[in-house]
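Please look over the sequence and the structure shown here before reading on. The report below is meant for someone who is meeting this protein for the first time.

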Amino acid sequence: IVSPEERAQLLEQCPKSLIDEIGNGSSVLRKYDIVTAFTIEPHLADFPKAPNRDVRRPIKGIMTTCGYVLPDPTVPNRLSIWFTGGRIEPNDDEHDEREWKRLFNRDLPQRNLGERVRLLAASLLMGAEAPTSMNDDGTMNFTFTRSLGGHGVAYVDVIYLDDTLRIVRGHRGTLFAFVRVPGGD
């Protein structure tokens, strides 16, 4: 459940259509953070222009996409989702962190016209703000100045729920199984 301070902060980013629903406290607002582990693999000689051409060894990282959920007012067991941003970071391995910083803590790469157009579209359409700097621990934050999602746009239907496991079907039909992290809220 979201604290009053977080609720007030979310209202600043919230679509106008939801300000009353969230602001008056009639719905239980919850955090909805999704953590995904990934690996950046070294490039293959067959693809000399690949974006990972400077990767020397596999680097493991973690991406956390941050958002909020509210019960859908019209569909039982449905949670509507709004994404507000997130962060990417190296995992806890010191070799991964060192290589991560070598790759990502350089000057911003020169982008071709197609990449610049995609970044502009993401900024204009979604309010996406790409990371512009790296924290000392290697973490890079990204934000959506306009929350993405909402009732009927992004949602999950809860299929099974207990104290440690949640199984949901996403709005595109994908099944997800979430396990509560020990010691997490």
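What follows describes the overall make-up of the protein and then turns to a few of its parts.

## Overall make-up

The structure is a predicted model, and its secondary structure comes to 4 helices and 9 strands. Read along the sequence, these elements follow the pattern α-α-β-β-β-β-α-α-β-β-β-β-β.

Of the 185 residues of the protein, 31% count as buried, while the accessible surface comes to about 12500 Å², with 54% of that area belonging to carbon and sulfur atoms.

Which residues of helix α3 are buried? In this helix, which runs over residues 94-104, they are Asp96, Glu99, Trp100 and Leu103. Seen down the axis of α3, these buried residues fall within an arc of 105°, so they line one face of the helix. On the other side of α3, by contrast, Glu94 and Arg98 are exposed.

The N-terminal end of α3 is capped by Asp93, which places a side-chain oxygen 2.8 Å from the backbone nitrogen of His95. Within the helix, Glu97 and Lys101 lie 4 residues apart, about one turn of the helix, and these two residues form a salt bridge in which the closest N and O atoms are 3.1 Å apart. Both partners count as partly exposed, Glu97 with a relative accessible area of 26% and Lys101 with a relative accessibility of 27%.

## Salt bridges

How many salt bridges does the count come to? The count for the model is 5 salt bridges, and one of them joins the side chains of Arg57 and Asp96, with 3.0 Å from N to O. Arg57 lies in the loop between β2 (34-40) and β3 (59-71), whereas Asp96 belongs to helix α3, so the pair ties together parts that are 39 residues apart in sequence. The two partners also fall into separate accessibility classes, since Arg57 is partly exposed with a relative accessible area of 32%, while Asp96 is buried with a relative accessible area of 4%.

A further salt bridge is formed by Arg87 with Glu89, and here the closest N and O atoms are 3.3 Å apart. Arg87 counts as partly exposed, at 30% relative accessibility.

Asn91 has its place in the loop between β4 (78-90) and α3. Is this residue buried or exposed? At 19% relative accessibility, Asn91 counts as buried, because the cut-off for that class is under 20% relative accessible area.

The side chain of Asn91 reaches the backbone nitrogen of Asp93 at 3.0 Å, and Asp93 is the residue that caps the N-terminal end of α3. Leaving aside its neighbours within four places in sequence, Asn91 is in contact with Lys60, Gly61, Ile62 and Asp96. Asp96, in turn, is the salt-bridge partner of Arg57.

## Met63 in strand β3

Met63 is placed in strand β3, where it counts as partly exposed at 30% relative accessibility. Although Met63 and Val35 are 28 residues apart in sequence, their C-alpha atoms are 5.8 Å apart in space.

Which residues does Met63 touch, not counting those up to four places away in sequence? They are Ile34, Val35, Thr36, Phe38, Arg87 and Ile88. Arg87 in this list is also the residue that forms a salt bridge with Glu89.

## Glu129 in strand β5

Glu129 lies in strand β5, which spans residues 128-129, and with a relative accessibility of 42% Glu129 counts as partly exposed. Glu129 and Phe144 are 15 residues apart in sequence, and the distance between them in space is 6.1 Å, taken from C-alpha to C-alpha. Not counting residues up to four places away in sequence, Glu129 touches Phe142, Thr143 and Thr145.

Methods:
Residues are numbered from 1 along each chain as its sequence is written. This is a predicted model: local features need pLDDT of at least 70, side-chain atom pairs count only at pLDDT 80 or more; totals for chains, interfaces and linings use all residues. Side-chain values use heavy atoms; hydrogens and water are left out. Buried means under 20% relative accessible area, exposed over 50%, partly exposed in between (1.4 Å probe, protein chains only). Helices (H or I, at least four residues) and strands (E, at least two) are DSSP runs, numbered from the N terminus. The arc is that of the directions from the helix axis to the C-beta atoms. A polar contact is a pair of N or O atoms within 3.5 Å; within protein, one must be able to donate a hydrogen and the other to accept it, and residues adjacent in sequence count only if both atoms are side-chain atoms. A salt bridge is a side-chain nitrogen of Lys or Arg within 4 Å of a carboxyl oxygen of Asp or Glu. Accessible areas come from the Shrake-Rupley method with a 1.4 Å probe; for residues, only the protein chains shown count as cover. Contact means heavy atoms within 4.5 Å.
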